[in-house]
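Open the model in your viewer and keep the selection tool ready. We will go stop by stop.

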Amino acid sequence: MNNTFINKLLILILFSPLSLFASENGKQVKITLTNGDVLNGYLIKNKSSAATKVINHPQLGELTISKSKIKSLENYSDKTVTSSRNSERISSSENKKWSGSIGISVDQNFEHRHYSDSLDLDFSSDLTHKKGLYTNSIKFDWTTEKDKYKSGENFDSHSIEFDIASDRETNIKNLTLHFSNKYDYESDADYGMYNTVTTFGLTKVFSTPDDIYLAVSFGPAINFVYGGDDCDITIDCGENFFASSITSTFSKQLTKRFEIELENEYTASFASTAKNGNEFSSTLTFRPSDESGFNTSFEYTNDFQELSDPEIEHKYSLNIGYDF
């Protein structure tokens with residue numbers, strides 16, 4: 001990792017607005033349990049964690065409540081409702097099941113070692129809506145790269161990733177019907193500039209401890225690859241291919257403030273020969289408090305696609321985001 005990127009990381013960390021948000025104890029909260037009971041008291045933050053919440057109840061004294069028994073938690077100070085991991089933050093008055101996040105990051109792409117200087121800026125957002133049996137999500141990621149060759153020539157490129165996914169609950173516990181459409185654009189790709197993977201299948205969420213989440217999505221897919229100066233002379237470009245896809249997501253709450261998430265998406269496309277694609281990401285996220293939506297995360301991504309040129313890319317990024 002070069003000195004330029006290290007300096008950018010240090011600057012971003014030192015001036016992160018997260019340092020302005022300190023943990024507070026004694027917040028008055030309203031907890032609604034999954035059985036419908038309601039508890040009012042004061043949150044004891046230094047004893048609470050991602051797996052349990054501890055409150056001081058005016059009549060019952062100190063109570064420890066497992067996350068699995070909590071339907072929602074309302075903080076009276078800001079009138080927002082928070083629930084356990086991967087559930088929605090919703091308005092207490094409108095009861096809308098929306099959640100999402102936005103973020104901006106500084107990236108370092110290690111494939112471009114022939115550049116004398118490189119700066120990647122990344123903007124990402126995601127939005128999830130749950131209504132009845134359906135959970136719908138939209139994710140958007142835009143990256144711009146400002147690179148400079150050692151010869152002095154400047155080079156700019158852009159990439160866009162746009163994902164739409166929908167899951168419908170079934171009569172089988174923790175099993176949903178799954179649909180997703182993932183669109184990727186790489187402006188500097190010689191071929192495979194546009195890559196779309198549409199998947200139909202199932203998602204299985206496995207029963208795990210409260211601080212661990214594990215899900216696997218799998219099914220048949222259609223892979224459409226086109227675009228780039230060399231697309232006309234490359235056999236596996238400008239065509240639709242049958243494919244199969246499997247995606248696994250794992251997350252674990254390491255401490256009250258730190259969480260790690262791993263995601264891997266593998267696609268096998270049946271072109272002139274079997275062509276593989278694999279995108280892996282690992283993210284370590286720090287949240288200063290339960291009440292604050294702000295977070296800082298460090299992410300590593302490795303993207304390998306045989307149906308595009310260049311085939312492989314890996315990068316590190318430091319992100320400042322906000323969950324809502």
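Select Ile 102, Ile 104, Phe 123, Leu 127, Trp 142, Tyr 322 and Phe 324. In this predicted model, these residues form a nonpolar patch on the surface. Together they have about 600 Å² of accessible area. Which elements give two or more residues to the patch? They are β8, residues 98-109, and β9, residues 115-131.

Next, colour the chain by confidence. The mean pLDDT of the chain is 79. A value of 70 or more is reached by 77% of the residues. Where is confidence lowest, and where is it highest? The lowest is in strand β7, residues 90-91, with a mean of 36. The highest is in β16, at 95.

Select residues 77-96. Here the pLDDT is below 50. The model still gives this stretch 45 contacts beyond near neighbours in sequence. Move on to residues 112-117. Their pLDDT also stays under 50. For them the model has 17 contacts beyond four places in sequence.

Last stop: select strand β16, residues 258-270, and find Glu 259 in it. Is Glu 259 buried or exposed? Glu 259 counts as buried because its relative accessibility is 7%, and the cut-off for buried is under 20%. The side chains of Glu 259 and Arg 287 make a polar contact, at 3.0 Å.

Note on methods
Residues numbered from 1 in each chain as written. Predicted model: local features only at pLDDT ≥ 70, side-chain atom pairs only at ≥ 80, totals over all residues. Heavy atoms only, no water. Helix = DSSP H or I, 4+ residues; strand = E, 2+ residues; numbered from the N terminus. Buried < 20%, exposed > 50% of the residue type's maximum accessible area, 1.4 Å probe, protein only. Polar contact = N/O pair within 3.5 Å; in protein donor to acceptor, adjacent residues only side chain to side chain. Patch = residues over 30% accessible without salt bridge, like charges linked within 9 Å, V, L, I, M, F, W, Y side chains within 5 Å. Areas by Shrake-Rupley, 256 points an atom, 1.4 Å probe, with all protein chains shown as cover. Salt bridge = Lys/Arg side-chain N within 4 Å of Asp/Glu carboxyl O. pLDDT = per-residue confidence, 0-100. Contact = heavy atoms within 4.5 Å.
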